[in-house]
Amino acid sequence: MNMFSKYTLVLIGLTFMGSAGLQAQQEQMYTHYDFNSMALNPAYAGSKRTLVATGLSRVQWANYPGAPRYQNFGIHSPLVGDFAVGLNVQSGTIGKFEVASPVSETHIGANLAYHKQLDKDLRLAVGLRLGAYNYKFQLSQLRLNNPTDVAFQNNDYSITAPMTGFGIYLYSSKAFAAFSAPRMVFIPQDVRQNQNVAYAAELHYYLSGGMVFDMNDRVKLKPTTQIKIVNGVPVQADLNLHAIFDDVFSLGAFYRTQGDIGLMSMVQLNDQFNFVYSYDSKLSPLNEYVRGSHEFGLQFMIPYTSNHRVPVPRYF
């Protein structure tokens, strides 16, 4: 086992041992974070050494009116030499009125990554994100019994601000470790004070890692973990375990330290398309009210080949 593999095992082990004291945080979250990696780390762009396009949608707490709905689309590809580029678009809505969602946000980010070959099967990538963030609050969409109620007047606003982020991604064919802060929003001080949207400018840090182990000729195990850290909010960790069959299908389970558990799956539809689905639920007593989150994803990838002949499986 090389030094990188040992460090990645330590990272996963420490996360499992420390998970008992970790709790939740407020931020867009995805169960398939290793399927959706560029959304959280601009250094991931180009890591599969081929063009990749991914769409992911999360319906959180499906039985709860007005619960969060998230969508993400990303596309990335090698550019020239050791450089790669990507584009990521994220959106989310919270709440539900009769004709609209009262709170919505959209992020658009362009990613540039540089990949350095460290040895035959180990690469280090650093990435930068530049983009824009928009936040909307629309109480005017309410249908009021008393339209002249002053409590609901002049309460619409839309804020657009520049955004940046960075990431580091150390990876091989069967292991990775990463650190990133994907979204720093620069909100003017006067807007921050008047509209109370300071939370959008808080940096969110992500630490993640994973490995693939060969169990036999047909079955592999892939444990992964992701830790989310933000100032003033309890830390949250995701602990995932996938069983991969013949490199074309996987089943897995996960635990999130805010009290979520669930199942997830992936199937390779053909050489270009992969489909993922997950279902998760709160542990009791909250599961009576917010059970049932669903996540769907579709990925298109031009197959990466070794020596232009043999397709190479990509596990992360």
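What we have here is a predicted model, in which local features need pLDDT of at least 70 and side-chain atom pairs count only at pLDDT 80 or more, while totals for chains, interfaces and linings use all residues. Residues are numbered from 1 along each chain as its sequence is written, and side-chain values use heavy atoms, with hydrogens and water left out.

Let me begin with the chain as a whole. There are three helices and 17 strands in the chain, and 46% of its 316 residues count as buried, where buried means under 20% relative accessible area, exposed means over 50%, and partly exposed lies in between, with a 1.4 Å probe and protein chains only. The chain exposes about 15,700 Å², of which carbon and sulfur atoms supply 61%; these areas come from the Shrake-Rupley method with a 1.4 Å probe, and for residues only the protein chains shown count as cover. If we take contacts, meaning heavy atoms within 4.5 Å, between residues at least 6 apart in sequence, then 56% of them join residues at least 24 apart.

Is His115 buried or exposed? His115 counts as buried, because its relative accessibility is 3%. Its side chain makes a polar contact with the side chain of Tyr171, at 2.8 Å; by polar contact I mean a pair of N or O atoms within 3.5 Å where, within protein, one must be able to donate a hydrogen and the other to accept it, and where residues adjacent in sequence count only if both atoms are side-chain atoms. Leaving aside neighbours within four places in sequence, the residues in contact with His115 include Ala43, Asp82, Arg123 and Tyr171.

A second residue of this kind is Lys222, found in strand 10, residues 219-230. Lys222 counts as buried because its relative accessible area is 8%. Which residue does the side chain of Lys222 meet in a polar contact? The partner is the side chain of Asp34, at 2.9 Å. Not counting residues up to four places away in sequence, Lys222 also touches, among others, Met211, Asn240, His242 and Tyr315.

Ala53 belongs to strand 1, residues 52-59, and is buried, with a relative accessible area of 14%. Ala53 and His76 are 23 residues apart in sequence, and their C-alpha atoms are 6.6 Å apart in space. Beyond four places in sequence, Ala53 is in contact with Phe73, Gly74, Ile75, Leu298, Gln299 and Phe300.

For contrast, Asp271 sits in the loop between strand 13 (260-268) and strand 14 (273-282), and Asp271 counts as exposed because its relative accessibility is 54%. Leaving aside neighbours within four places in sequence, Asp271 is in contact with Met301 and Pro303, and from Asp271 to Pro303, which are 32 residues apart in sequence, the C-alpha to C-alpha distance is 6.4 Å.

Rolling a probe the size of a water molecule over the atoms shows where empty space is left.

Strand 7 provides the largest share of the lining of the second largest cavity, four residues.

Notes: Helices (H or I, at least four residues) and strands (E, at least two) are DSSP runs, numbered from the N terminus.
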